[in-house]
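Work through the exercises below with the model open. Try each task before you read its solution.

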Amino acid sequence: MRVAIALEESGLPYEVVPIDLNREEQRSPEFLALNPMGRVPVLVDDADSARPFALTQSNAILFYVAERAPGRLFPEKDPISRALTYERFFFFLTDVIAPSHAAFQLRRSDQQHASSVLDQRSISALSTTERFLNEGPFMAGEHFSVADIAAYTITLATRRHLDWVRLPQLTQWFDRIGKRPSVGQGLRAFDI
Ligand SMILES: N[C@@H](CCC(=O)N[C@@H](CS)C(=O)NCC(=O)O)C(=O)O
């Protein structure tokens, strides 16, 4: 979802090739040739036919797309704005998304208690982000960035568990980001 939104925000031309995980299409020989780990997403860039390549980590893809579309997903010059964008992006990645993914895996292996401990950790971290939004309209200040993409997708996934009444800034931000054309259009990639 992060990659789909980033590609839309970038304005770069791209084509979606759906991989149906339920049908194990990620284990097909064609897909494994691109990513031997058998996981999505994969970005294939063959714009330079002399040097086509495949990228297999969602966050590496995000930063590659950001570099290909200067100024749209990451602040270009100001070192402090760049540092804050890294800070917020990695906060969402390591303190909110990672425990939530780990909780999901634990739930699937019937470890309900361990799973809920990690879910709670993730939700608590997400609930502290009011402080970011007191500083500006976006997670890393004045401009939309990869930090908002990371924040939006995990907020969308965990929205039923949030105490929205206590999160007025997050409520407004979530509503605003959800209305960006890139978000609606990007998520349409999953309508398969
Ligand atoms: N660290 C990788 C994780 C990729 C990943 O775990 N993808 C999941 C879907 S979110 C997947 O492809 N699962 C299919 C499988 O494991 O068979 C990334 O961020 O790209």
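A salt bridge is a side-chain nitrogen of Lys or Arg within 4 Å of a carboxyl oxygen of Asp or Glu. This is a predicted model, where local features need pLDDT of at least 70, side-chain atom pairs count only at pLDDT 80 or more, and totals for chains, interfaces and linings use all residues. Residues are numbered from 1 along each chain as its sequence is written, and side-chain values use heavy atoms, with hydrogens and water left out.

**Exercise 1. Salt bridges**

Find how many salt bridges the whole structure has, then look at the pair Glu135 and Arg88.

Step 1. The search of the whole structure gives 6 salt bridges.
Step 2. Glu135 sits in the loop between helix H6 (130-133) and helix H7 (146-158), and Arg88 in helix H4, so the pair ties together parts 47 residues apart in sequence. Helices (H or I, at least four residues) and strands (E, at least two) are DSSP runs, numbered from the N terminus.

**Exercise 2. The ligand**

List the residues around the ligand and sort them by class.

Step 1. Sort them: 2 are nonpolar, 5 polar and 2 charged. Here Ala, Val, Leu, Ile, Met, Phe, Trp, Tyr, Cys and Pro count as nonpolar, Asp, Glu, Lys and Arg as charged, and the others, Gly among them, as polar.
Step 2. Check distances to ligand oxygen atoms. A polar side-chain atom of Gln26 lies at 2.9 Å. For a side-chain N or O atom of Arg27 the distance is 3.0 Å, and for one of Arg39 it is 3.3 Å.

**Exercise 3. Backbone geometry**

Step 1. The bond joining Val40 and Pro41 is cis, with omega about 0 degrees. Pro41 belongs to the loop between helix H2 (29-34) and strand E1 (43-45).
Step 2. Phi of Glu24 is positive, near 60 degrees. Glu24 lies in the loop between helix H1 (2-10) and H2.

Methods:
Polar contact = N/O pair within 3.5 Å; in protein donor to acceptor, adjacent residues only side chain to side chain.
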